[in-house]
Amino acid sequence: MAQDWRLFQGGATDPHEVETWPTAPPWRRFGDDARRRDEERGLPYLISEEDRDVVNMALHLHRPLLVTGRPGTGKSTLAHAIARELMLGEVLHWPVNSRSTLTEGLYSYDAVGRLREASLKRRADETAGSEPDIGDYLRLGALGTALLPADRPRVLLVDELDKGDVDLPNDLLTVFEEGEFEIPELARLGEGRTIEVQIAGSREKAAITGGWVSCGVFPVVVITSNGEREFPPAFLRRCVRLDLKQPDERQLRQIVTMHLGEEVGARAQELIADFVTRRNERELATDQLLNAVRLRSSGVRVDQDVLDKLFRSLNEVDAQ
């Protein structure tokens, strides 16, 4: 029956336990299924030959890759695809928002926490030599970690830079050009001092001497933008630009098949065609199609009403 999929009924329904909780889609697995989620990221990345060559230009020129395109075109996923194929380790992720600053991307220093710890030690009559190690209160951000010296580059995803402060792109210029930055709190300790600080995305620490971090090879920097505003010409000049187009019907079939299997993909042809028609009229993202196909493959009757709810335009606002 169509109502079988409705776990929640509302109204005066008596409390009831769900015997079998719905299996999560591959892209929504957490906890013990983290490994399977990572495998999902390892799926082949669909890209045209022209776009592939733009990516390779950025790699050869050691320049940031500025990726634009509508939601659902695979901008963020591209960074993971590059890291997986070229075996460059885990992607370092810096999600940008309106409060993001260059310093946040480089490092953070918990001065208040260190001062509190020092005060507690003094109260306990501990010796002056037991002052808290400054390295325990410093942590490199995603950008700072990507700039650590290494033989092979790390992949850094700077996500949705257009949501950041208007000055952030210009603030990044010097770091991108010089490939190094200073941590003043460590530089004040003297040129010969080496301090270990924690790095982003790991419990490991890195040794920093003299307060300077200088990369050995420029990281693979993938910057995404939804086109909410223009960037300064000086910033654009230092980037290789890639504009990803919406996947066509053939590519959508491949995406559905990769994520949900051959059998599900074969049964989704009509749904894919309907999605393409709707996308020509309003702004839709590919994951909305995946959600609809997933529901149908789970036994849910995906009728017109359900489709209208799933395929709502990304720009649609509820009436108040």
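Helix α2 is followed by His62, whose phi is positive, near 55°. The model is a predicted one, in which local features need pLDDT of at least 70 and side-chain atom pairs count only at pLDDT 80 or more, while totals for chains, interfaces and linings use all residues. Residues are numbered from 1 along each chain as its sequence is written, and side-chain values use heavy atoms, with hydrogens and water left out. Helices (H or I, at least four residues) and strands (E, at least two) are DSSP runs, numbered from the N terminus.

The 13 residues of α2 reach 18 Å from the first C-alpha to the last, close to the 18 Å expected at 1.5 Å a residue; the expected span is 1.5 Å times one less than the number of residues. Asp51, Val54, Val55 and Ala58 of α2 are buried (under 20% relative accessible area, with exposed meaning over 50% and partly exposed in between, for a 1.4 Å probe and protein chains only). Seen down the axis of α2, these buried residues fall within an arc of 100°, so they line one face of the helix. The arc is that of the directions from the helix axis to the C-beta atoms. Glu49, Glu50 and His60, on the other side of α2, are exposed.

The cover over the buried residues of α2 includes β1, α3 and β11, contact being heavy atoms within 4.5 Å. Helix α2 (residues 49-61) lies across β1, β10 and β11, and runs at about 160° to β11. Helix α3 (residues 75-85) lies across β1, β5, β10 and β11, at about 165° to β10. Axes are lines fitted to C-alpha atoms, for helices over the stretch in contact, and angles run from 0 to 180 degrees between N-to-C directions.

Those strands belong to an open sheet of 5 strands, in the order β2-β5-β10-β1-β11, with parallel pairing. At its edges stand β2 (92-95) and β11 (240-243), each with a single partner strand, so one side of each is left without a neighbour in the sheet. On average, neighbouring strands of this sheet are turned by 20° against each other, direction ignored. Two strands pair if DSSP finds at least two bridges between them.

Strand β1 (residues 65-68) and strand β10 (residues 220-225) run parallel and are joined by 4 bridges; Val67 has Thr224 of β10 as its bridge partner. Ser225 is also in strand β10. With 2% relative accessibility, Ser225 counts as buried. Leaving out residues up to four places away in sequence, Ser225 touches Leu66, Val67, Thr68, Gly69, Lys75, Asp162 and Phe231. A polar atom of the Ser225 side chain lies 3.1 Å from the backbone nitrogen of Gly227.

Leu92 has Leu156 in β5 as its bridge partner. In a regular strand the side chains alternate between the two faces of the sheet. The covered face of β2 has Leu92 and Trp94, and the uncovered one His93 and Pro95.

Notes: A polar contact is a pair of N or O atoms within 3.5 Å; within protein, one must be able to donate a hydrogen and the other to accept it, and residues adjacent in sequence count only if both atoms are side-chain atoms.
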